[in-house]
Amino acid sequence: MSFKDDIKTLRRQSNLTQEALAQKLHVTRQTVSTWETGKNMPSLETLHALSQLFNISLEKLLFNEEIAMKKDKEPSLATQIDHDVKLKSRYRRWTFGLGGLIVLALVSIGILCLGYYKGIGTIDRFDPFLSYKVGYTKLPSEKEISPNNKATNGYWTAWFTDNTMGNEWTKLTLTTGLNPGVKDPYVMAYHKGSYVKVARIVPRTYINQTYVSNLAALDALLNHKGNTATNTHDLKKYKTQIHISDTVQQLVTE
């Protein structure tokens with residue numbers, strides 16, 4: 001007998017309809033019908049499931065006879081197919097697992113990038129690719145930083161210079177409270193991206209003069225004061241971006 005006859009006989013002996021057998025194997029009734037008409041053959045996984053369902057060896061199922069083991073103990077067809085099925089299942093799990101890890105990594109990197117470019121401090125705080133920096137800016141007016149300001153609750157935003165070269169700038173939003181009486185006050189912020197860990201109001205004398213010059217040059221650039229050249233700078237980005245690498249060290253004449 002051929003496979004198509006065997007599978008039909010086994011199904012009937014087990015009192016299964018084509019629909020019932022299809023449900024057990026997670027295929028369609030039409031698929032079972034193609035096996036029994038000889039138009040198609042099951043996959044290795046399905047053959048393995050059939051042999052277990054009908055408690056029959058793969059050799060008997062495929063060839064209607066048992067194949068004896070060779071003297072060199074070469075694995076039987078059933079053993080080989082069973083091994084191949086297990087390997088395929090294992091590779092599938094590994095593929096899905098690896099694919100899931102890659103997707104998770106890409107999503108995580110996407111979130112970190114979004115947090116950095118949008119200035120979301122709660123995300124930057126946990127970004128392993130960012131390092132802490134110390135930035136400086138001029139303390140705004142008392143009205144702007146006052147905790148009594150219902151519109152801002154004491155939070156204010158300003159550009160901070162992050163290095164003496166004057167080419168790394170970060171727009172930070174933070175709260176410092178009112179000036180405790182510091183003369184010529186500036187703000188020193190220890191931050192990671194847009195996340196501000198701590199900020200202190202310090203006098204100008206505490207700050208490297210280069211930082212003071214950087215801030216004066218930026219103020220002149222944004223307000224078109226003195227002789228600071230503006231034609232080499234895209235001023236729009238200072239309104240829309242959070243992080244800027246742009247050297248602002250021109251001499252300022254008041």
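First, the term: a residue is called buried under 20% relative accessible area, exposed over 50%, and partly exposed in between, with a 1.4 Å probe and protein chains only. Ile102 is partly exposed, because its relative accessible area is 45%.

Before going on, two remarks on the source. This is a predicted model, where local features need pLDDT of at least 70, side-chain atom pairs count only at pLDDT 80 or more, and totals for chains, interfaces and linings use all residues. Residues are numbered from 1 along each chain as its sequence is written, and side-chain values use heavy atoms, leaving out hydrogens and water.

Back to Ile102, which is found in helix α6, residues 77–118. Helices here are DSSP runs of H or I with at least four residues, strands are runs of E with at least two, and both are numbered from the N terminus. Ile102 belongs to a nonpolar surface patch with Leu98, Leu101, Leu104 and Leu106, and together they have about 530 Å² of accessible area. A patch takes residues with over 30% relative accessible area and no salt bridge; like charges are joined within 9 Å, and nonpolar side chains (Val, Leu, Ile, Met, Phe, Trp, Tyr) within 5 Å. The areas come from the Shrake-Rupley method with a 1.4 Å probe, and for residues only the protein chains shown count as cover.

Next, a helix pair. How do the axes of α2 and α4 cross? Helix α2 (residues 18–25) and helix α4 (residues 44–53) have axes that come within 10 Å and cross at roughly 115°. That makes α2 roughly perpendicular to α4. Axes are lines fitted to C-alpha atoms, for helices over the stretch in contact, with angles from 0 to 180 degrees between N-to-C directions; under 35 degrees counts as roughly parallel, over 145 as roughly antiparallel, 65 to 115 as roughly perpendicular, and the rest as oblique. In α4, the buried residues are Thr46, Leu47, His48, Leu50 and Ser51.

Now the charged pairs. How many salt bridges does the structure hold? There are four, a salt bridge being a side-chain nitrogen of Lys or Arg within 4 Å of a carboxyl oxygen of Asp or Glu.

One of them joins Arg11 and Glu36, with the closest N and O atoms 2.5 Å apart. This pair links distant parts of the chain, Arg11 in helix α1 (residues 3–13) and Glu36 in helix α3 (residues 29–36), 25 residues apart. Both Arg11 and Glu36 are buried.

Asp246 and Lys237 also meet in a salt bridge, at 3.4 Å from N to O. Asp246 counts as buried because its relative accessibility is 11%, and Lys237 is buried as well, at 18%. Elsewhere, salt bridges that share partners join Lys138, Asp184 and Arg204 into one network. Within it, Asp184 and Arg204 are 3.7 Å apart, N to O. Arg204 is partly exposed, with a relative accessible area of 35%, and Asp184 is partly exposed at 31%.

Last, backbone angles. Most residues other than glycine have a negative phi. Asp184, in the loop between β3 and β4, has a positive phi near 50°. Asn15, in the loop between α1 and α2, has a positive phi of about 55°. Asn15 is exposed, because its relative accessible area is 71%. Asn55, which follows α4, also has a positive phi, near 55°.
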